[in-house]
Amino acid sequence: DYRHYLHQWTCLPDQNDVIQARKAYELQSDNAYKADLQWLKGIGWVPVGSLDVEKVKKAGDILSERKYRQHPENLKFTSPVDSMSMVLAKTNADTINKRLYTEAWEKDKTSIHIMPDTPEITLARQNKLNYSHKLYRLGMEEAKKKGYDLRADAISVKAAKASRDIASDYKYKQAYRKQLGHLVGCRSLQDDPKMVWSIHVAK
């Protein structure tokens, strides 16, 4: 027999070393470590009342514009009607009121009638005729409709033709070509007026 029991002993469950060993095994046990997590998986949780939720509520109250500013209706204050500021505000409102500003003018337009033969009305009508562009061009438009009679021997036509001939480059060169051969063959320098004039200018 290769096994030989040295002695027989009995381990009580309530011994101190057994209790400490059992606690050490539970701390090192993976199943015991994950047991709480497995138990929490099927249980719902509401975050109301938690620390983070309360912190967010407090921050929202601090940053709330509605809670920060007090509405004027909540203030118990009564402004007297005859105070200086109220009287000034009413006067300014009446001053800048366009309806009150034009009320008298609108009323006069329906109640006051001006006679058509007054000097101001007559002058206004005459000024209208003077400034009318249509009446200003009326005479010319009527003349266009009648046509025109322009004769060939009219003074204006003759003057236009004479001005055209004077300004014509062709007429100018034609006269120049005609006098080119007349000054050739002078017997002396004194017979050529252009040469005499050139000598005079050169001096």
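Of the 13 residues of H3, what number is buried? The number is zero, so H3 lies largely in the open. Here buried stands for a relative accessible area under 20%, exposed for over 50%, and partly exposed for what falls in between, with a 1.4 Å probe and protein chains only. Helices are DSSP runs of H or I with at least four residues, numbered from the N terminus.

This is a predicted model, in which local features need pLDDT of at least 70 and side-chain atom pairs count only at pLDDT 80 or more, while totals for chains, interfaces and linings use all residues. Residues are numbered from 1 along each chain as its sequence is written, and side-chain values use heavy atoms, with hydrogens and water left out.

Helix H3 covers residues 51-63. From its first C-alpha to its last, H3 reaches 19 Å, close to the 18 Å expected at 1.5 Å a residue; the expected span is 1.5 Å times one less than the number of residues.

**Salt bridges**

A salt bridge is counted where a side-chain nitrogen of Lys or Arg lies within 4 Å of a carboxyl oxygen of Asp or Glu. The count by this rule is six. The table gives some of them.

| Salt bridge | N to O distance |
|---|---|
| Lys67 and Asp61 | 2.9 Å |
| Lys109 and Glu106 | 3.4 Å |
| Asp165 and Arg164 | 3.9 Å |

Asp61, the partner of Lys67, is partly exposed at 40% relative accessible area. Lys109 and Glu106 are three residues apart in helix H6, so about one helical turn separates them. An α-helix has 3.6 residues a turn, so residues three or four places apart point the same way. Lys109 is partly exposed at 45% relative accessibility, and Glu106 is partly exposed at 40%. In the salt bridge of Asp165 with Arg164, Asp165 is partly exposed at 34%, whereas Arg164 counts as exposed at 54%.

**A nonpolar patch**

Trp39, Leu40 and Ile43 make up a nonpolar patch on the surface, and together they have about 350 Å² of accessible area. Patches take residues with over 30% relative accessible area and no salt bridge, joining like charges within 9 Å and nonpolar side chains (Val, Leu, Ile, Met, Phe, Trp, Tyr) within 5 Å. Accessible areas come from the Shrake-Rupley method with a 1.4 Å probe, and for residues only the protein chains shown count as cover. Ile43 sits in the loop between helix H2 (30-40) and H3, and is partly exposed at 42%.

**Single residues**

Thr118 is found in the loop between helix H6 (98-111) and helix H7 (119-131). Is Thr118 buried or exposed? Thr118 counts as buried, because its relative accessibility is 19%. A polar atom of the Thr118 side chain lies 3.3 Å from the backbone oxygen of Met115.

Asn127 belongs to helix H7 and is partly exposed at 33% relative accessibility. Asn127 and Glu65 are 62 residues apart in sequence, and their C-alpha atoms are 66 Å apart in space.

Met195 is part of helix H12 (residues 193-202), with a relative accessible area of 38%, so Met195 is partly exposed. Between the C-alpha atoms of Met195 and Lys107 there are 95 Å, and the two residues are 88 residues apart along the chain.

Conventions. Helix = DSSP H or I, 4+ residues; strand = E, 2+ residues; numbered from the N terminus. Polar contact = N/O pair within 3.5 Å; in protein donor to acceptor, adjacent residues only side chain to side chain.
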